[in-house]
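Have the coordinates open while you read.

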Amino acid sequence: MDFADKEGEAIAAWGLYTYGRKFFNLMFGIDLSANMLSGEIPWEIGNLSHVKSLNLSHNFFTGRIPDTFSNMCAVESLDLSHNELSGQIPWGLTRLWSLGVFSVAYNNLSGCIPSSGHYQGNENLRNVSLGNGCSPSSGPVAPALDGVGATSVSDDTILYVVSAASFVFAFWATVAFSFYHPYGQSVILKL
């Protein structure tokens, strides 16, 4: 099989297939888990800004988590667990508002982490909430990316208030319709 990478074209023995630049915008998820991949994670993967799910777990990746992963502004799930990654978790990952599932469990990472997340199996990570010398000044703090954080708390409060107000409005609108609209009155009289 012969592949050429000129202007996004891939030529295969069975025919000509053209993958334009928009093809990568249509990709929602990449799952390369359990493929026995090794070496460092290519930093170019971080440029896939439209990918919502990236699973590189259960491989033999070494080195650091690329800082370019902070560019993946649409990513909702990032699984790097069960590899041989080392170093600190990039600070830029804390700014990914869309990231809801983040796992780096069972690697060789070091540095500080918040009290929640999927970090088990990393003996050199220290928990911020345990008072063990972790502070923002002692290095970057990994994000609390399990959906619990300052912004999600305020978003949840707004959601609850809007839901409660909608319920109260719908309830009183139904009551008003039942008593003041002729059709509503006839339905109540039949009951």
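## Starting from β4 and β6

Strand β4 (residues 38-40) and β6 run parallel and are joined by 3 bridges. Within that pairing, Glu40 has Thr62 of β6 as its bridge partner. A word on terms: strands are DSSP E runs of at least two residues, helices are H or I runs of at least four, and both are numbered from the N terminus. Two strands count as paired if DSSP finds at least two bridges between them.

Before going further, some housekeeping: this is a predicted model, where local features need pLDDT of at least 70, side-chain atom pairs count only at pLDDT 80 or more, and totals for chains, interfaces and linings use all residues. Residues are numbered from 1 along each chain as its sequence is written, and side-chain values use heavy atoms, with hydrogens and water left out.

Carry on from Thr62 and you land on Glu84, its bridge partner in β8. Gly63 is bridged to Leu85 of β8. Strand β6 (residues 60-63) pairs with β8 in the parallel sense, over 2 bridges. On the way to strand β10 (residues 108-113), β8 again runs parallel, and 2 bridges join the two. Here Ser86 sits opposite Asn108 of β10.

Which residues of β8 make up its covered face, and which the uncovered one? In this strand (residues 84-87), Leu85 and Gly87 are on the covered face, while Glu84 and Ser86 are on the uncovered one. In a regular strand the side chains alternate between the two faces of the sheet.

## The four-strand sheet

There is also an open sheet of 4 strands, in the order β3-β5-β7-β9, with parallel pairing. At its edges are β3 (29-31) and β9 (101-103), each pairing on one side only. The twist from one strand to the next averages 10°.

For a specific contact, look at strand β7 (residues 77-79), which pairs with β9 in the parallel sense over 3 bridges. Leu78 stands opposite Phe102 in β9.

## A salt bridge between loops

How many salt bridges does the rule give? The count comes to 1 (a side-chain nitrogen of Lys or Arg within 4 Å of a carboxyl oxygen of Asp or Glu). Lys52 forms a salt bridge with Glu76, and the closest N and O atoms are 3.9 Å apart. Lys52 lies in the loop between β4 and β5 (53-55) and Glu76 in the loop between β6 and β7, so the pair ties together parts that are 24 residues apart in sequence.

Lys52 is partly exposed at a relative accessible area of 32%, and Glu76 is partly exposed too, at 39%. The classes are buried under 20% relative accessible area, exposed over 50% and partly exposed in between (1.4 Å probe, protein chains only).

## The helix end

UniProt, in an unreviewed entry, places a "transmembrane region" at residues 158-180; such annotations may be inferred rather than shown by experiment. In the model, residues 158-180 are 100% helix and 0% strand, with the end C-alpha atoms 32 Å apart.

Trp172 is found in helix α1 (residues 150-180). Trp172 is exposed, with a relative accessible area of 53%.

## The chain overall

The secondary structure comes to 2 helices and 11 strands. Along the sequence the pattern reads β-β-β-β-β-β-β-β-β-β-β-α-α. Of the chain's 191 residues, 30% count as buried.

Notes: Axes are lines fitted to C-alpha atoms, for helices over the stretch in contact, and angles run from 0 to 180 degrees between N-to-C directions.
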